[in-house]
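Dear colleague,

Please find the structure below, followed by an account of what was found in it. I would be grateful if you could read the two side by side.

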Amino acid sequence: LNQLPKFNPVKTIPDLASLKRHSDLADGTSRLPGIDVFVTTADPIDEPVLYTMNCVLSILAVDYPVDRLACYLSDDSGALVLYEALVDVGKFAPLWVPFCRKYCIEPRAPESYFDMVAPPQAGRASQEFLDDYRRVQMEYDEFKVRLDKLPDAIRKRSDMYNSMRTAEATWMANGTQWPGTWIDPTENHRKGHHAPIAKVVLDHPNCGHSQPNAEGNLSISATDERLPMLVYVSRDKNPSYDHNKKAGALNAQLRASALLTNAQLVINFDCDHYINNSQALRSAVCFMLDQRDGDNTAFVQFPQRFDNVDPTDRYGNHNRVFFDGTMLALNGLQGPSYLGTGCMFRRLALYGIDPPHCRAENVTVEATRFGNSTLFLDSVSKSLNQERSATPPPPLDDTFLAEIERVATCSFDKGTDWGKGVGYIYDIATEDIVTGFRIHGQGWRSMYCTMEHDAFCGIAPINLTERLHQIVRWSGGSLEMFFSHNNPLIGGQRLQLLQRVSYLNMTIYPVTSIFIMIYSLSPVMWLIPDEVYIQRPFTRYVLYLLVIILMIHMIGWLEIKWAGITWLDYWRNEQFFMIGSTSAYPAAVLHMAVNLLTKKGIHFRVTSKQTTADTNDKYADLYDFRWVPMLVPTMAVLICNVGAIGVALGKTMVYIGTWTAAKKIHAALGLLFNLWIMFLLYPFALAIIGRWAKRPIILVVLLSVIFVLVALLYVGLHILLSSVIPF
Ligand SMILES: O=c1ccn([C@@H]2O[C@H](COP(=O)(O)OP(=O)(O)O[C@H]3O[C@H](CO)[C@@H](O)[C@H](O)[C@H]3O)[C@@H](O)[C@H]2O)c(=O)[nH]1
Ligand SMILES: [Mn+2]
């Protein structure tokens with residue numbers, strides 16, 4: 001199942017020059033299609049506001065015509081802090097964006113730029129650049145200070161208003177009550193229970209209003225200073241109905257944006273990712289406009305890259321084998337699966353419309369399917385008729401804003417196809433893989449877009465426990481999909497056979513962990529005295545096993561050669577698969593078994609983003625070992641193999657003179673097996689010793705000591721007890 005779908009790997013590279021020729025017209029205007037960019041955040045504390053705002057700034061500064069780009073931030077916490085942070089972005093962006101455009105800055109997320117790119121040096125860079133750089137850096141520092149102070153400022157302001165008026169509320173800067181979550185939560189104003197909010201922070205550049213200008217005279221005048229539209233959306237929350245996690249948030253954004261800008265293309269980012277290459281959006285558009293198969297391309301997925309991972313990538317966070325191998329292999333079939341972030345969609349494909357090559361003549365746009373909003377239904381018809389333009393949205397009067405808020409409610413989904421055949425799919429821990437599956441099943445294809453200079457960059461959990469929680473969610477979601485009507489064997493009408501096989505593999509892989517567990521616990525067998533055995537593995541059997549394992553690795557090595565991945569990436573992947581197979585995957589399998597009986601889904605636990613700013617040690621999280629029950633089997637496997645090696649040593653001491661040649665081969669093969677498991681569990685062993693792992697030599701010494709101790713224990717027991725039980 002793993003190998004078959006890989007028979008036709010294809011690398012595709014965007015041709016940006018050709019796109020420029022095609023779409024940038026001589027009069028300075030552009031024929032590029034509109035793009036609505038969605039960012040999702042779930043909490044201003046768990047997901048630091050600074051990251052989210054950097055993501056937004058990188059979007060505002062991306063290289064794309066401003067009148068065809070709009071950025072929507074979805075805030076699932078309904079927090080005033082996030083709205084006001086966005087307003088602050090609106091004030092800093094008029095400086096940051098022209099600066100990026102003028103000097104072709106990369107990356108265009110200020111935090112990463114100032115942190116990772118060496119500052120210009122006097123003498124090397126022009127004086128003009130030096131001046132502008134200092135100015136922007138200073139303003140950015142002030143912007144960060146303002147963000148830091150926001151919670152306090154809001155509290156102070158609210159205290160002041162509260163003391164003047166009778167109502168206890170959280171107040172906005174303009175003296176009105178914030179409709180979302182309050183600092184002192186009350187009914188209707190707490191996380192999980194509040195009204196929908198939609199606020200336009202930066203207006204559409206073509207709407208006639210003057211756009212904010214950078215104050216002071218930055219010598220940036222020659223550059224386009226206009227900014228794309230920027231909108232804050234927080235869907236309503238109510239304990240009486242399911243808000244459907246990230247998929248629900250994305251669907252609300254999809255509808256709200258349809259009313260405002262209704263771009264033909266949309267792309268979504270997690271708030272912990274940012275645009276790292278300002279050409280990224282154009283690259284994705286290359287595939288969408290490609291004359292060969294562009295019209296039938298539903299989405300263009302980019303690989304995920306991370307810039308907070310420790311240099312040795314202990315827990316295989318980079319996942320290169322998957323992102324640079326597996327996904328490119330699927331590219332030769334119907335295309336890669338959707339991976340949750342950094343993926344550009346055709347709006348129509350998300351709406352559940354068939355691809356052009358099999359679309360009916362007249363597609364009807366029914367309220368029973370899309371929900372009861374005339375404005376929204378009109379927008380769908382417009383998309384179907386390919387009415388693309390850069391016209392600004394209608395005037396933002398109260399009724400219009402109210403309608404945007406109405407389509408951004410969770411209850412709007414009720415009795416419609418949202419979350420089933422329309423939009424991002426609900427009722428599963430991993431909305432991404434099913435959403436992609438639903439779209440492929442309709443006959444659309446997808447493309448994988450890798451860029452030499454990584455398109456996007458994000459944050460990965462470098463703490464073992466956090467990482468495993470993430471894996472539980474993914475593997476649990478996969479199993480949920482297998483046991484749903486989206487099972488790859490029965491669902492997805494127009495799926496190609498091999499694509500089906502690949503989805504099958506993607507949904508049932510956690511089950512393999514059961515066998516891996518049994519295998520890795522098998523050394524226990526060697527502890528049992530000979531006399532008790534009914535049968536033990538033959539040497540020949542172990543040799544077969546060895547040959548098979550070697551063959552699997554040879555295929556793996558060929559793949560990484562093709563994909564250009566390093567050995568380290570490969571081994572990290574193998575090692576982490578082993579750790580996952582003895583912890584997260586069995587947990588997911590168990591969870592699924594319970595789920596089948598109780599019908600309870602996996603909880604979407606937002607992945608930790610290292611909120612404690614330990615400035616001394618960037619990788620502090622790596623050395624923090626947090627014990628959780630799912631680690632019990634991994635621990636058991638480790639103990640079992642460490643014990644087996646120790647006992648093998650002891651047995652050698654006791655029996656060395658008396659063993660037959662066959663017995664020696666037995667023992668050697670057994671030891672090889674133990675060492676192999678130890679090698680695979682090495683990152684886990686490092687995790688256990690916590691901060692000591694900063695010097696891995698400590699682990700080597702520690703293990704050696706344990707081996708010797710176990711061996712001595714064996715010898716001692718042997719002397720004491722061999723007259724009672726022979727072993
Ligand atoms: O109720 C929720 C829960 C999550 N999110 C957002 O979902 C995104 C992903 O959450 P995160 O905790 O960062 O998950 P990761 O484990 O890092 O995410 C990976 O796995 C997810 C599927 O499990 C995919 O959706 C992601 O794109 C992919 O990066 C974040 O922007 C969250 O703000 C919401 O908007 N609302
Ligand atoms: Mn994340």
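Helix H6 consists of 16 residues and spans 23 Å from its first C-alpha to its last, close to the 22 Å expected at 1.5 Å a residue; the expected span is 1.5 Å times one less than the number of residues. Helices (H or I, at least four residues) and strands (E, at least two) are DSSP runs, numbered from the N terminus. This is a predicted model, in which local features need pLDDT of at least 70 and side-chain atom pairs count only at pLDDT 80 or more, while totals for chains, interfaces and linings use all residues. Residues are numbered from 1 along each chain as its sequence is written, and chains are lettered from A and ligands numbered from 1 in the order in which they are written.

H6 is mostly covered, with 16 of its 16 residues buried. A residue is buried if 20 or more other C-beta atoms lie within 10 Å of its own, exposed if 12 or fewer, and partly exposed in between, with C-beta atoms placed from the backbone. Leu260 belongs to H6 and is buried, as it has 24 C-beta neighbours inside 10 Å. Its C-alpha atom is separated by 7.4 Å from that of Pro394, although Leu260 and Pro394 are 134 residues apart along the chain. Leaving aside residues up to four places away in sequence, Leu260 touches Ala70, Val231, Pro393 and Ile404; contact requires C-beta atoms, placed from the backbone, to lie within 7 Å.

The UniProt record, an unreviewed entry, carries the annotation "binding site" for Lys246 and Asp270. UniProt positions are given in the numbering used here, feature names are shortened, and annotations may be inferred rather than shown by experiment. The two residues are spread over 25 residues of sequence, yet they cluster in space, the largest C-alpha distance being 9.5 Å. Lys246 is in H6 (residues 245–260) and is buried, with 22 other C-beta atoms within 10 Å. Asp270 is in strand E7 (residues 265–270) and is likewise buried, with 25 other C-beta atoms within 10 Å. Asp270 touches Thr40, Thr341 and Gly458, not counting residues up to four places away in sequence.

Several points of backbone geometry may also be of interest. Asn244, in the loop between strand E6 (229–234) and H6, has a positive phi of about 55° although it is not a glycine. Asn244 is buried, with 24 other C-beta atoms within 10 Å. H6 is followed by Asn262, whose phi is positive, near 45°. Asn188 has a positive phi of about 75° and lies in the loop between helix H5 (127–164) and strand E3 (189–190). With 15 C-beta neighbours inside 10 Å, Asn188 counts as partly exposed. Glu106 and Pro107 are joined by a cis peptide bond with omega about -15°, and Pro107 is in the loop between helix H3 (80–103) and helix H4 (110–116).

Lastly, there is a helix pair to report. The axes of H16 (residues 512–521) and H21 (residues 632–655) come within 9 Å and cross at roughly 30°. Axes are lines fitted to C-alpha atoms, for helices over the stretch in contact, and angles run from 0 to 180 degrees between N-to-C directions. H16 and H21 are therefore roughly parallel to each other; angles under 35 degrees count as roughly parallel, over 145 as roughly antiparallel, 65 to 115 as roughly perpendicular and the rest as oblique. Met517, Ser520 and Leu521 in H16 meet Pro633, Ala636, Val637 and Cys640 in H21.

Yours sincerely

Conventions
Contact = placed C-beta atoms within 7 Å.
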